[in-house]
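Please examine the structure shown below. The paragraphs after it lead through selected features step by step.

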Amino acid sequence: MIGAQALIGSLVSAGVDTCFMNPGTSEMHFVAALDAVPEMRGILALFEGVAAGAADGYARIAGRPAAVLLHLGPGLANGLANLHNARRARSPVVAIVGGHATGHARYDSPLQSDIEALARTVSGWVRTCGTTRDLTQDAMRAVDAARRGQIATLVLPADVSWSDGAAIAAPRPAPSPQPADAGQVKVIAGLLAPDAARSAGLARSARSARSEGSARSEGSARSAGLARSAGSAGSAGLARSAGSAAMLLLGGTALTERGLAAASRISAATGARLLAETFPARMEVGAGIPAVNRLAYLAERAEAQLTGLDHLILAGAQAPVSFFGYPGRPSDLVPAGCTVVVLAEADQDAETALEQLADQIAAETPPVLARAARTAVPPGPLTASTLASAIAASLPEHAIVSDEANTSGAALPQALACASRHTLLTLTGGAIGQGLPVATGAAVAAPDRPVLALEADGSALYTIQALWTQAREQLNVTTVLLNNAAYAILRMELARTAAGEAGQRASRMLDLSDPTPNFAEISNGMGVPATRVHLAEDLDQALRRAYAEPGPHLIEAIMSR
Ligand SMILES: Cc1ncc(C[n+]2csc(CCOP(=O)(O)OP(=O)(O)O)c2C)c(N)n1
Ligand SMILES: [Mg+2]
C-alpha cells in the first residue's frame, strides 16, 4: 500500500476520522487517497488559520483529535496563530505538514523552508517521517502525543507519501487522564475545613501530608514546589486560620458540569470563593450549572476580584497573571501575603480532584445551581447590554457558544449565567481570528447541537473564509457579527498603556470605517445567507429564525455608537 493511503487508514482506525485541510502539490497523494479511504472526512478550508482553528474547536467538543493537512512551511505558518490558540486550549491536534520529496529538498526550490523550526513554536511533538515503512507507526505516535493535550506535528515528505511499502498500524489505547496528587487533596481538605477533614479520618497535619506526597512521585514534588507564599508564611502557613479568605481558581477540566458541581459544594460548605480562568477552552454555563464568574481580562478588575485573599487554590488553572505588562503595574496578580496551593495542574484531572475534595469536606452539601431566568429583551439600539439580553433570551438548550465578541460582549457573562444550558468556548491564546473557525469545527463535531458564534468585526476579518466552509458543509452555525467599525479594545488599551492621546494618524490605525466592511454582503458572497439588524428586538427575532432553520446563517448586528 502507498504511504498516504496507509496513513489515512491508520488515522481512521485510531479514531482520527476528520481532516481539515488546505493542500498543495506535495500533498496530492494524501488528497487522492481520500477516495480509497472514505471513512476519513476531508473538509476544505480556504485558509490554514481556518483549518487549524476548526481542528481546535472540533477537539474541544469531540474530546479527541482531528487532523489538519497543511502545505509545507508557508501553509503551516498561515495556521500558526490558531495552532497557538489550540496549544493554549490544550487541544489535541494532529498536524500533518507535507514536505518536498527527500531527494528534492537539497535543491533549495522556492517552497523549501525549515518546517520543523516553525512547528516547534506550537507543537509538543514534532517528527519528520524518514521512510514509508515507518510512516504509520510515526502517525500512531503522533496521535498518542496529541491525545495528551498538545499539538503533534508530523512532517510528511512527498515521496514517503507516494511510495509503496506501508501497512495500516494498530491503534494504541487512549491514555487515561493524569490524576492529581492525592496528598495535595488532603492538604487542601485540611486547609479549607480542618474539622471536617479530621472527622473524615484525615487527622494528619497539612505539612506532613505534603512532604509525604512530594516524596512519592515527580508530579507531587512539582505541586509541592508550587505551594508558595508571597509573604513569609511559607508552608507552615497552610493551616487556615479562622476568618481567613480562600478561593478556588478553576480551569481546564474543573469547568465541566461535574467539576463545577464539586467546586460549588466545596464553596457552599467552607465559604471558599470560586472564580474561573479568564479564557477557558471549554466551560459549561447556564441554568442547572453552578454560576461561576471568570477572572477579569483587565488586570485592575482582576486585582479587585482577588483582593483580601489568604489562600488561592489552583484547580486546573494557572496562577493569575496580567494579560499584558503595563507601565508601573504588576504582572503577578496574586495578592501580597496570599499562599498559592495546587490541587491539580492544568494537565491533571482537576474534575476528579475536586470531587475527592468535596467528598472529604462537603459530603452533605449539595451544589448551588443557577436557576433559569426568562429575560425580556429591552427594545432599542444594540448596546452591550441589549445585545446580551437578546442572545440570552433566544439561546436554545445545549447550544455551543464560540465567544469572540470582545468589547461588544461585556455584558454576556452575566446574562448567559441564567440562560439555557450551553458549552462556552473562548479565545484561549489571545490570537484573534479564532471564533469563526472554532465554531466551524465544533459544528462538525456536534452536528446535532446548535452553534452560536459571537464574533467581533475586526477579529472576523482574519479568518472570514470559515463562512465558506460552513456553507460547503451545511453546518448549523449562527454567527452574530458585531459591527462596531473599530478595533475598540485597542482604543482602550492605548489609554491603559499610557501611550498617550490618539492623534488623527494613530486613530486611523484603530478604526475600521472608511470603508466600513459590509458583512452581510461578504457572507452572502460566501454562501451563508445573511441579514442586518440595528435593534435588539430584531436581533432576537433573527436569532430565533436562524436557529429554526438548518445550515449556517449570519446576522450582522450594527452596534450603536
Ligand atoms: C493575531 C492577532 N493580531 C493582532 C492582535 C491585536 N489585537 C487585539 S484586539 C484587536 C482588535 C479587536 O477588534 P474587534 O475584533 O473588532 O473587537 P472590538 O475591540 O472592536 O470589540 C487587535 C488587532 C491580536 N490579539 N491577535
Ligand atoms: Mg470591532
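Predicted model: local features only at pLDDT ≥ 70, side-chain atom pairs only at ≥ 80, totals over all residues.

Which residues coordinate the magnesium ion (ligand 2)? The donors are Asp-457, through OD, Asn-484, through OD1, and Ala-486, through its O atom, at 2.1 Å. Asp-457 belongs to helix H18 (residues 457-460), whereas Ala-486 is found in the loop between strand S16 (477-483) and helix H20 (488-496), so the pair ties together parts that are 29 residues apart in sequence. With a relative accessible area of 2%, Asp-457 is buried, because the threshold for that class is under 20%. Ala-486 is likewise buried, its relative accessible area being 4%.

The helix packing may be considered next. Helix H15 (residues 384-394) packs with helix H23 (residues 536-548) at an angle of about 30°, and the two axes are 9 Å apart. Since angles under 35 degrees count as roughly parallel, H15 and H23 are therefore roughly parallel to each other. Their crossing is right-handed. On the H15 side, the contact involves Thr-386, Leu-387, Ala-390, Ile-391, Ala-393 and Ser-394. These residues meet Ala-536, Leu-539, Asp-540, Leu-543, Arg-544 and Tyr-547 in H23.

A second pair is formed by helix H1 (residues 3-13) and helix H6 (residues 132-147), which pack at an angle of about 25° with their axes 9 Å apart. This angle makes H1 roughly parallel to H6. In passing H6, H1 makes a right-handed crossing. Gly-3, Ala-4, Ala-6, Leu-7, Ser-10 and Leu-11 are the residues of H1 at this contact, and they meet Thr-132, Leu-135, Thr-136, Ala-139, Met-140 and Val-143 of H6.

The cysteines complete the description. How many disulfides does the structure hold? The number is 0. A disulfide is a covalent bond between the sulfur atoms of two cysteines. For Cys-19, the closest cysteine sulfur is that of Cys-129, at 16 Å, which is too far for a bond because the cut-off requires the sulfur atoms to be within 2.5 Å. Cys-19 itself counts as buried, at 0% relative accessibility. Cys-338 is also buried, with a relative accessible area of 1%.

Definitions and conventions. Residues numbered from 1 in each chain as written. Chains lettered and ligands numbered in written order. Heavy atoms only, no water. Buried < 20%, exposed > 50% of the residue type's maximum accessible area, 1.4 Å probe, protein only. Donors = N, O, S within 2.8 Å, 3.2 Å for Na, K, Ca; no water. Helix = DSSP H or I, 4+ residues; strand = E, 2+ residues; numbered from the N terminus. Axes fitted to C-alpha atoms, helices over the stretch in contact; angles between N-to-C directions. Parallel < 35°, antiparallel > 145°, perpendicular 65-115°, else oblique. Left-handed = near helix turned anticlockwise from the far one by under 90°. Contact = heavy atoms within 4.5 Å.
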